[in-house]
Amino acid sequence: MSSWIIFLLLQSLLINAEGQGPGGRNFGGAGRLEFEVSEELPTGSYVGKIPTRPKFTYRFNDNVEEFVLHPTTGEIHTGKIIDRESLQSDTFDLVILSSHPTYPVEVRIKILDTNDHSPSFPDPIVRVTFSESSTPGTRVFLDTAEDSDTGSNSVSDNYRIVDGNEAGHFRLSVNTNPSGDSSFLFLETTGVLDRETNSEYLLNISASDDGKPPRLGFVTVEVSILDTNDNPPIFDHSDYVVSLNETVPMGTPVLQVTATDNDEGENSKVTYYLAETETQFIVDPETGIISTLTPSLSCQQTCLQGVQKMCSKSCVFTVFARDHGIPRQDGRTYVTVNLLDANDHDPVIKFRYFPDTASTATVDENALNGSVVAAISVFDPDEGKQPEIFKYIPFLSEIL
Ligand SMILES: [Ca+2]
Ligand SMILES: [Ca+2]
Ligand SMILES: [Ca+2]
Ligand SMILES: [Ca+2]
């Protein structure tokens, strides 16, 4: 019979408790009270109040340091600053016992989240690479941020590039995981990259939660653009012209050509070479110094007809520069070597007798003044003004 009395008394007390304490409510008739209190409140903050009976005292059945129960008023306050993120569970299921007579009151206290954590990336700095030959839309995976808070206070899919992307070469994309787990974050290109224009980017990426106000976390992404061999060597000049004495010995340096390549590494390393058909000149593959390969140079002669006939000799050949990339790329330039004449020939004098079959000059004793005795031609292979063809020698007596 006494157990029935206790049961009826308990039911009466729990029904009376409904709506009596701020935040407290009855659980579907199960007799359990629920309170809610935010985390991080100062010690002593009010949580709720259980219904009490005069001359009864109350205490927690469990050792709980997070809450303090007033033994007679039934008010529950926080016993410390509670950090929801450090708890194994954000719900406390507690039993309060009365005295004289003893009966239990079940209490559930839920710790409400506050937005006291910012999204955080696993590493503050990450490095990624793109090839400069990447097609637009090429993507690399980035770690997503984490946030210890819950619900809207936790990290959302709100990622942004907040700095370093002024030219708009990159964008972020988020793929939601169908399983409901965390999303996948990608950094992807918006267009074509050119390492020779910009080989490094420093992007600052933010992650935001949906708290009010929202909190931000940041990661620095160092983007390196990898080189591809997309530039041929370029010579300093599209053509070179040099003058050279025609009698220089074999191995004489003629000139030095230089080509540069805007790529890097092997893609920019340059080797010089001439066409296999070139036999009079040679180029050092490393230095670009061109030297003569023969003891005497034979170049094409061209003559300009004018008041005075002008002739010159020039050798023209192509110099190639090839990089060491894959595939290799060639640049070319043209070299003109103008030969300077050296006075290395004696004039050649030839006599012409009459008749043509004669081997000596003869003159008739009755010959008149002005009669032709012999014709003399003088020729000098050296460049410059040549002696004209014939000199007429009058009477022998006049030249002796
Ligand atoms: Ca947060
Ligand atoms: Ca929190
Ligand atoms: Ca190159
Ligand atoms: Ca390149």
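Two strands pair if DSSP finds at least two bridges between them; strands are DSSP runs of E of at least two residues, numbered from the N terminus.

The views below show a predicted model, in which local features need pLDDT of at least 70, side-chain atom pairs count only at pLDDT 80 or more, and totals for chains, interfaces and linings use all residues. Residues are numbered from 1 along each chain as its sequence is written, while chains are lettered from A and ligands numbered from 1 in the order in which they are written.

**View 1. Strand β14 and its pairing with β13 and β8.**
β13 and β14 run antiparallel, joined by 9 bridges, and a hairpin of 6 residues connects β13 to β14. Strand β8 (residues 125–131) pairs with β14 in the parallel sense over 7 bridges. Val-221 of β14 is the bridge partner of Leu-203 and also of Val-126.

**View 2. The two faces of β14 (residues 216–226).**
In a regular strand the side chains alternate between the two faces of the sheet. Along β14, Gly-217, Val-219, Val-221, Val-223 and Ile-225 point to one face and are buried (20 or more other C-beta atoms within 10 Å of the residue's own, with C-beta atoms placed from the backbone).

**View 3. Arg-195 in the loop between β12 and β13.**
The loop holding Arg-195 lies between β12 (184–189) and β13 (200–209). Arg-195 is buried because 22 other C-beta atoms lie within 10 Å. Not counting residues up to four places away in sequence, Arg-195 touches Glu-132, Ile-225, Leu-226 and Asp-227 (contact: C-beta atoms, placed from the backbone, within 7 Å). Arg-195 and Ser-224 are 29 residues apart in sequence and 8.6 Å apart in space, C-alpha to C-alpha.

Technical notes. Helix = DSSP H or I, 4+ residues; strand = E, 2+ residues; numbered from the N terminus. Buried ≥ 20, exposed ≤ 12 C-beta atoms within 10 Å, placed from the backbone. Contact = placed C-beta atoms within 7 Å.
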